[in-house]
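Please walk me through this protein.

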Amino acid sequence: MVIKIRKLISDGGLQVGDSLPTEKELCERFDAGRNTVREAMRILKAYGVVAVRPKVGATLIDDRMERALDLFSFNTLDISRRTFNDIQGFRKLIEVGTVDTLFDNVGPADIAELREINARLQSAQTIPEASEQDFCFHLRLVSILNNRAVRDVYRIMKPVIIRIMERAKELRDFNQDTFEQHDAIVDALEQRDRIHYQYALVSHLELGLWAFEEESGSEQRAL
């Protein structure tokens, strides 16, 4: 039923703000029972596609990003070495692989804001605060790409990225070490020095791996 309603929306050219047919009309159109239609509407509501209000009916909305953020915020993903490699590998593709676009787009205002965020990280008093500024730094970096889809993906991944950052900062100087790494990244970005930029960023993204290696070693010794 969900697929049928989605096709109805697509074929009818319906847009955000438009109303869907009433429950009765949907039942008649698809020869379906009320419970079937109601369940489909509950699913679409959970997806952030429709809002259902008494006496108004179902209206098309676009809260899909918020629903994705809600789903990803559940702490069900184990932060293992494999997760670290997957997440950081993806970030390398974006933050390192787009170096040409970054160099083309970056301007003085971008550099200034990155340095401001990095200064806030250096003065952070707690690991959560430092991790939040660390994430803000990287989100601001990818924002230079002017690609909304990339920013949205980073926002969705934020809970897991933050947990990786916090894990690494529990075992290192969470202020100075990260500040210096970020500073080297910004310097290379400002100078449009490809080799130093890529080296600084790859080293920064891979640095936390040792924390997971240490955990693996501890587990093996315990066995």
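**A tour by question and answer**

Q: Which elements do the buried residues of α1 pack against?
A: This is a predicted model. In helix α1 (residues 2-11), the buried residues are Val2, Ile5, Leu8 and Ile9. They cover an arc of only 120° around the axis, so they sit on the same side of α1. Their packing partners are α2, α3 and β2 (57-60).

Q: Which exposed residues does the face of α1 turned away from its buried side carry?
A: The buried side of α1 holds Val2, Ile5, Leu8 and Ile9. Turned away from that side is a face with exposed residues. These are Ile3, Lys7, Ser10 and Asp11.

Q: Which residue with a positive phi follows α1?
A: Helix α1 spans residues 2-11. The residue in question has a phi near 65° and comes after α1. It is Gly13.

Q: What is the order of the elements from the N terminus on?
A: The secondary structure comes to 12 helices and two strands. Read from the N terminus, the order is α-α-α-β-β-α-α-α-α-α-α-α-α-α.

Q: What share of the contacts in the protein with a separation of 6 or more comes from residues 24 or more positions apart?
A: The protein has 223 residues, and 40% of them count as buried. Among contacts with a separation of 6 or more, residues 24 or more positions apart account for 71%.

Q: How far apart are the C-alpha atoms of Ile43 and Val2?
A: Ile43 lies in helix α3 (residues 34-46). Val2 is one of the buried residues of α1. Along the chain, Ile43 and Val2 are 41 residues apart. Their C-alpha atoms are separated by 7.5 Å.

Q: Is Ile43 buried, partly exposed or exposed?
A: Buried means under 20% relative accessible area, and exposed means over 50%. Ile43 has 27%, so this residue falls in between. Ile43 is partly exposed.

Q: Are α2 and α3 roughly parallel or roughly perpendicular?
A: Helix α2 (residues 23-30) packs against α3 with their axes 9 Å apart. The angle is about 115°. That angle makes the pair roughly perpendicular.

Q: Which residues of α2 and α3 make the contact?
A: The crossing of α2 and α3 is right-handed. On the α2 side, the contact uses Glu23, Lys24, Leu26 and Cys27. On the α3 side, the residues are Arg34, Val37, Arg38 and Met41.

Q: Is Asp31 buried or exposed?
A: Asp31 lies in the loop between α2 and α3. Its phi is near 50°, a positive value in a residue other than glycine. Most residues other than glycine have a negative phi. At 73% relative accessibility, Asp31 is exposed.

Q: What covers the buried residues of α7?
A: Helix α7 (residues 108-122) has Asp110, Ile111, Leu114, Ile117, Asn118 and Leu121 as its buried residues. Seen down the axis, they fall within an arc of 130°, so they line one face of α7. On the other side of α7, Pro108 and Ala109 are exposed. The cover includes α6 (99-105), α8 (127-143) and α10 (176-191).

Q: Which elements do the buried residues of α8 pack against?
A: Helix α8 has 17 residues and reaches 24 Å from its first C-alpha to its last, close to the 24 Å expected. Its buried residues include Phe135, Phe137, His138 and Leu141. They pack against α5 (81-95), α6, α7, α9 (148-169), α10 and α11.

Q: Where is the place of Asn146?
A: Asn146 has a positive phi of about 55° although it is not a glycine. With a relative accessible area of 61%, Asn146 is exposed. Its place is in the loop between α8 and α9.

Q: Is α10 roughly parallel or roughly antiparallel to α11?
A: The axes of α10 and helix α11 (residues 194-206) come within 8 Å. They cross at roughly 155°. Angles over 145 degrees count as roughly antiparallel. So α10 and α11 are roughly antiparallel.

Q: Which residues of α11 does α10 meet?
A: The crossing of α10 and α11 is left-handed. From α10 come Thr178, Gln181, His182, Ala184, Ile185, Ala188 and Leu189. In α11 they meet His196, Tyr197, Ala200, Leu201 and His204.

Key
Residues are numbered from 1 along each chain as its sequence is written. This is a predicted model: local features need pLDDT of at least 70, side-chain atom pairs count only at pLDDT 80 or more; totals for chains, interfaces and linings use all residues. Side-chain values use heavy atoms; hydrogens and water are left out. Helices (H or I, at least four residues) and strands (E, at least two) are DSSP runs, numbered from the N terminus. The expected span of a helix is 1.5 Å times one less than its number of residues. Buried means under 20% relative accessible area, exposed over 50%, partly exposed in between (1.4 Å probe, protein chains only). The arc is that of the directions from the helix axis to the C-beta atoms. Contact means heavy atoms within 4.5 Å. Axes are lines fitted to C-alpha atoms, for helices over the stretch in contact, and angles run from 0 to 180 degrees between N-to-C directions. Angles under 35 degrees count as roughly parallel, over 145 as roughly antiparallel, 65 to 115 as roughly perpendicular and the rest as oblique. A crossing is left-handed if the near helix is turned anticlockwise from the far one by less than a right angle, and right-handed if clockwise.
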